[in-house]
Amino acid sequence: MISYPSRHCTVELQALPSRIGQVRRIVSAQLRYWHLDALIDRASLGVTELLSNVHRHAQPDKTCTVEIELLLDRLTVSVRDHDPRMPVVDDAEPLATCGRGLAMVAAMSESWGVRPDGESGKVVWFTLPTTSAAVSPPSRPARRTVQEKPARRFAEVGHAADGLLPEHAPARSAVAG
């Protein structure tokens, strides 16, 4: 017997930059509804990278389907497109401005992969664990306590010997030269 049923959400879209933010908001809202708030950042990052790849590389069209599925202790996020070419993970050059998306997905997920989908298409997916230890935010180090000192009033800062405030001095630059 399954302790709770599968939960599923599907969004079909054109992978255009203007739509990627909408899908991130949909994924975030769905994860909040499922009480998986701790997974929102990683799921949003992963779906953004996968949709960006569809936008950049998919041919002949940019139509794709995003699916998120919660099954027992695992969230699976997948993006299905109509381009049969499989993605290649290469080491990006140090100064390259692209080419790290799938490496980021691999680093932040529990697992990821790609599989053919019919005769002309593929599905790229990643999983995130939903167990309480895996989704709870990392503990923050204890804050340092700062020794409190009484604040000086503004008028106390510029006391002159005769008790009068000094006249305004011309501004000076702190920049050498």
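A polar contact here is a pair of N or O atoms within 3.5 Å; within protein, one must be able to donate a hydrogen and the other to accept it, and residues adjacent in sequence count only if both atoms are side-chain atoms. This is a predicted model, where local features need pLDDT of at least 70, side-chain atom pairs count only at pLDDT 80 or more, and totals for chains, interfaces and linings use all residues. Residues are numbered from 1 along each chain as its sequence is written, and side-chain values use heavy atoms, with hydrogens and water left out.

**View A. Asp-117 and its partner Arg-80.** The side chains of Asp-117 and Arg-80 make a polar contact at 2.9 Å. Skipping residues up to four places away in sequence, Asp-117 touches Arg-80, Lys-122 and Val-123 (contact: heavy atoms within 4.5 Å).

**View B. Asp-117 and His-82.** These two sit 35 residues apart along the chain, with 8.3 Å between their C-alpha atoms. Asp-117 is partly exposed because its relative accessible area is 28% (buried is under 20%, exposed over 50%, partly exposed in between; 1.4 Å probe, protein chains only).

View C. Cys-9 counts as buried because its relative accessibility is 13%. Cys-64, at 1%, is buried too. As for disulfides, the structure holds zero (a disulfide is a pair of cysteine sulfur atoms within 2.5 Å).
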